[in-house]
Amino acid sequence: MGEAMDIIARRPGPSVQEVFEQDGNPAPSILREESPAQGQDLSDISRERYFSKQWHDLEVEKVWRKCWQLACRVEHLPNVGDHIVYEIVHDSLIVIRTAPDEIRAYVNSCLHRGTLLRTEGGCVNQLRCPFHGWTWKLDGSLSIIPGQWDFPHVDKDKMRLPEAKVGIWGGFVFVNFDPDCEPLEDYLENLPDHFAAFNLEDRYVAAHVGKIMPCNWKLAMEAFVEAYHVSIAHPQVMGYYGDTNTQYDVWPDIHHVSRMISVQGVPSPSLKGVPAERTIEEMRRDVPFFAGKPIEVGEGETARGKLAERAREKISRSSGRDMSDLSDSESLDLIEYLLFPNMVPWGGQALPITYRFRPNGDDPETSIMEIMFLFSKAPDGSHPEPAKLNMLGPDQKWSDAPELGSAAMVADQDTDNLMRIQKGLRASKKPGVTLARYQESRIRHYHQTLDAYMSRS
């Protein structure tokens with residue numbers, strides 16, 4: 001632990017764990033763990049991986065056709081026949097509920113002449129090709145060949161729709177194109193244990209916004225997994241957000257998962273003498289939890305403690321559950337995980353966000369980014385219809401989606417910078433990207449996992 005202890009000893013204080021020690025409602029043990037990266041190769045990351053078509057094509061074969069990836073939520077498929085179309089580069093799946101307790105993922109291609117069977121989601125009782133009418137039952141078996149007399153050479157029993165693997169965790173539906181893939185439970189590594197208290201299966205998609213980003217999908221994702229850029233790119237949050245004291249966790253022998261924890265309700269360590277009133281005022285401005293009646297800090301109280309108290313009140317009302325014992329951290333903080341290759345789920349109760357990043361078709365220099373808000377279901381399990389994807393147009397900003405609140409401003413600020421990064425990498429004469437030893441350790445860990453997949457035979 002020598003190198004790791006040296007890394008975190010140099011980090012500005014107070015550390016996340018020191019903030020936790022002062023909390024009135026203490027953080028759970030899973031958040032009291034700290035695991036800074038050890039022994040990482042500090043070499044530059046090759047810049048070609050962000051724009052090379054050759055690298056992109058290899059990613060399709062080695063990553064997108066081999067890894068578990070988020071397709072949708074269970075609440076998107078409540079009834080038999082409900083389905084969505086999931087596309088990744090050239091591949092397309094129909095992810096469909098085929099029975100009350102079964103979800104399958106069929107390759108979205110007619111076995112006659114290749115027509116896409118579905119171009120959008122909906123509810124069907126069969127899968128029928130719109131070109132010649134070949135039809136499959138929901139169990140994947142071929143039921144109708146129009147003019148069957150002309151196909152004596154076709155064995156209908158051998159014309160089942162090919163399938164991808166399906167797994168479910170936390171209310172999320174995952175797919176994997178590799179028939180020999182490891183079980184989803186193994187792929188998730190420590191993620192289920194870390195999210196056990198967050199009850200993602202008891203949530204539903206309350207907002208879902210997407211946008212074509214002017215950069216490679218990895219660049220887009222990297223902007224959301226470190227806080228090193230916050231003071232320059234998002235200065236409006238500095239009065240209530242711990243940026244340079246963010247905790248970054250990379251666990252030994254864990255390849256697909258990493259974490260960062262940024263405390264809120266306290267100012268950035270770079271700001272000195274920030275009064276509690278400013279911290280509260282600026283957080284109330286940006287986070288809807290804290291609207292309404294004034295928040296006053298009394299003798300012996302802290303801005304963080306009072307903000308956590310208000311957050312618990314709001315979470316209790318919105319969820320219909322008594323959350324008065326919820327920790328200050330789970331009420332306030334950014335507790336963000338990354339699941340390789342492209343899912344970024346947040347823990348806790350304060351910021352129920354999940355990001356998803358994908359290539360935009362076959363173009364390595366643009367990508368699709370999605371932001372989902374997951375709100376709690378009612379205590380009886382009921383919930384509104386899940387939000388439909390609000391796909392923003394090329395001239396629209398994230399702030400044109402009011403359902404995102406202040407998250408839209410942050411995403412817009414990052415989008416402007418990401419366009420410049422993508423173009424700058426093309427213009428650069430430096431062969432690689434240089435990463436910080438600690439604050440960008442999650443990005444390095446991610447690329448080490450990516451390199452391992454890319455080198456597989």
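**A buried charge and what surrounds it**

Asp-333 has a relative accessible area of 1%, so this residue counts as buried. The structure shown is a predicted model, and what follows describes that model. A residue is called buried here when its relative accessible area is under 20%, and exposed when that area is over 50%.

What does Asp-333 pair with in a salt bridge? Its partner is Arg-304, and the closest N and O atoms of the two are 2.8 Å apart. The two residues come from distant parts of the chain, 29 residues apart: Arg-304 belongs to helix α10, which covers residues 303–319, while Asp-333 sits in the loop between α11 (328–332) and β15 (334–339). Is Arg-304 buried or exposed? Arg-304 is classed as buried because its relative accessibility is 4%. In general, side chains of opposite charge can pair when their charged atoms come close.

The side chains of Glu-336 and Arg-442 meet in a salt bridge, with 2.7 Å from N to O. Glu-336 is in strand β15 and Arg-442 is in helix α13 (residues 441–454), so this pair ties together parts of the chain that lie 106 residues apart in sequence. Both Glu-336 and Arg-442 are buried. Returning to Asp-333, salt bridges with shared partners join Asp-23, Arg-304 and Asp-333 into one network.

How many salt bridges does the structure hold? The count is 26. One of these salt bridges is formed by Glu-163 and Arg-104, whose closest N and O atoms are 3.6 Å apart. This pair also links distant parts of the chain, with Glu-163 in strand β10 (residues 163–169) and Arg-104 in strand β5 (residues 102–107), 59 residues apart. Glu-163 has a relative accessibility of 39%, and for that reason it counts as partly exposed.

The next step is the division into domains. The protein chain is split into domain 1, made of residues 16–50 + 190–455, and domain 2, made of residues 69–145 + 154–176. Taken over C-alpha atoms, the centres of domain 1 and domain 2 are 33 Å apart. Where the two meet, 22 residues of domain 1 are in contact with 17 residues of domain 2. The size of an interface is often given as the accessible area lost when the parts come together. Between domain 1 and domain 2 the buried area is about 1500 Å², and carbon and sulfur atoms give 70% of it. On the domain 1 side, Met-343, Arg-356 and Arg-358 lose the most area to domain 2, together 28% of what that side buries. How many salt bridges are there between domain 1 and domain 2? There are zero.

Some loops deserve a look as well. Ser-35 lies in the loop between α3 (29–32) and β1 (45–46). Its relative accessibility is 11%, which means Ser-35 counts as buried. Leaving aside residues up to four places away in sequence, Ser-35 touches Tyr-248, Asp-249, Val-250, Trp-251 and Pro-252.

Gly-13 and Pro-14 are joined by a cis peptide bond with omega of about 0°, and Pro-14 is located in the loop between α1 (2–9) and α2 (16–21). Another cis peptide bond joins Phe-340 and Pro-341, with omega of about 5°. Pro-341 is placed in the loop between β15 and β16 (343–345).

Val-89 is not a glycine, yet it has a positive phi of about 55°. Val-89 is in the loop between β3 (82–88) and β4 (91–99), and it counts as buried because its relative accessibility is 15%. Asn-199, also not a glycine, has a positive phi of about 50°. The loop holding Asn-199 runs between α6 (191–194) and β12 (203–213). With a relative accessible area of 31%, Asn-199 is therefore partly exposed.

Last comes the surface. Which residues form a nonpolar patch there? Ile-212, Leu-389 and Met-391 do, with about 230 Å² of accessible area together. Of these residues, Met-391 belongs to strand β19 (residues 390–391). Met-391 counts as partly exposed because its relative accessibility is 35%.

Methods
Residues numbered from 1 in each chain as written. Predicted model: local features only at pLDDT ≥ 70, side-chain atom pairs only at ≥ 80, totals over all residues. Heavy atoms only, no water. Patch = residues over 30% accessible without salt bridge, like charges linked within 9 Å, V, L, I, M, F, W, Y side chains within 5 Å. Areas by Shrake-Rupley, 256 points an atom, 1.4 Å probe, with all protein chains shown as cover. Salt bridge = Lys/Arg side-chain N within 4 Å of Asp/Glu carboxyl O. Helix = DSSP H or I, 4+ residues; strand = E, 2+ residues; numbered from the N terminus. Buried < 20%, exposed > 50% of the residue type's maximum accessible area, 1.4 Å probe, protein only. Domains from an automatic or database assignment. Contact = heavy atoms within 4.5 Å. Buried area = accessible area lost by both parts, 1.4 Å probe.
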